[in-house]
Amino acid sequence: NILNAIHDATVASQLANWMSIPTDCPQRDERLGWMGDAWTSHGGSLLNHDLAGSYLAWLRQISVVQENTSQNKSDSRVRLGQVGGVPDCVPFYGGHCHLPSSPSWGAALPGISRSLFRHTADVEVAKTMYPVVRAYALSMKARANTTDTVNHTMLNVGGWGDWCPPT
């Protein structure tokens, strides 16, 4: 009986946190598409609800932000690793969202893409997300290989790592 109550509470929380994008919490007036929160909760959401199409739509939003950022290479805000990088919340509005994301939060992109493909067995998911995930992986490689310790975006980005364990 207690397991059923826990499951019911989980299902209710998942529904409260889905506002056309996976959000972090319904009790604050924030409700942003934080990548780390989506990464840690997507598995149960895919099993409990028919959200595969919604997750794919959100992953496509991530790819649009990635593409727009990569095209603005001359913009002074585009630092090493941002070409192909992703923010830590999507839709990206600036504010206290970081671009590029910390590695543990950006890992949502390849992680959720893989889970979605495994959940749906839809080859189109893999075809759609492969170039996006590849660009992200290349951005991470560029960030990891820099010797610029002042602007090293793997070390000097965000403070969300304490909320999300390494993936």
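## Contacts along the chain

Among contacts (heavy atoms within 4.5 Å) between residues at least 6 apart in sequence, 63% join residues at least 24 apart. This is a predicted model, in which local features need pLDDT of at least 70 and side-chain atom pairs count only at pLDDT 80 or more, while totals for chains, interfaces and linings use all residues. Residues are numbered from 1 along each chain as its sequence is written, and side-chain values use heavy atoms, with hydrogens and water left out.

## Overall make-up

Helices (H or I, at least four residues) and strands (E, at least two) are DSSP runs, numbered from the N terminus. Of the 167 residues, 42% count as buried, meaning under 20% relative accessible area, with exposed over 50% and partly exposed in between (1.4 Å probe, protein chains only).

## A tryptophan pair

You will find 2 aromatic pairs here. Rings of Phe, Tyr and Trp (its six-membered ring) pair if their centres lie within 6.5 Å; planes under 30 degrees apart are stacked, over 60 edge-to-face and the rest tilted. Trp 34 and Trp 105 have ring centres 5.7 Å apart and planes at 85°, so this pair is edge-to-face. Because Trp 34 sits in the loop between α1 (2–16) and α2 (35–48) and Trp 105 in helix α4 (residues 103–106), the pair ties together parts 71 residues apart in sequence.

## Where α5 meets α6

Helix α5 (residues 108–120) packs against helix α6 (residues 123–145) at about 170°, with axes 10 Å apart. Axes are lines fitted to C-alpha atoms, for helices over the stretch in contact, and angles run from 0 to 180 degrees between N-to-C directions. The two are therefore roughly antiparallel; angles under 35 degrees count as roughly parallel, over 145 as roughly antiparallel, 65 to 115 as roughly perpendicular and the rest as oblique.

Residues of α5 including Leu 109, Leu 116 and Phe 117 meet residues of α6, among them Val 125, Met 129 and Tyr 136. This contact has 11 nonpolar, 2 polar and no charged residues. Ala, Val, Leu, Ile, Met, Phe, Trp, Tyr, Cys and Pro count as nonpolar, Asp, Glu, Lys and Arg as charged, and the others, Gly among them, as polar.

## Where α1 meets α2

Helices α1 and α2 pack at about 100°, with axes 10 Å apart, which makes them roughly perpendicular. Here His 7, Thr 10, Val 11 and Gln 14 in α1 meet Gly 44, Ser 45 and Asn 48 in α2. By class, that gives 1 nonpolar, 6 polar and no charged residues.
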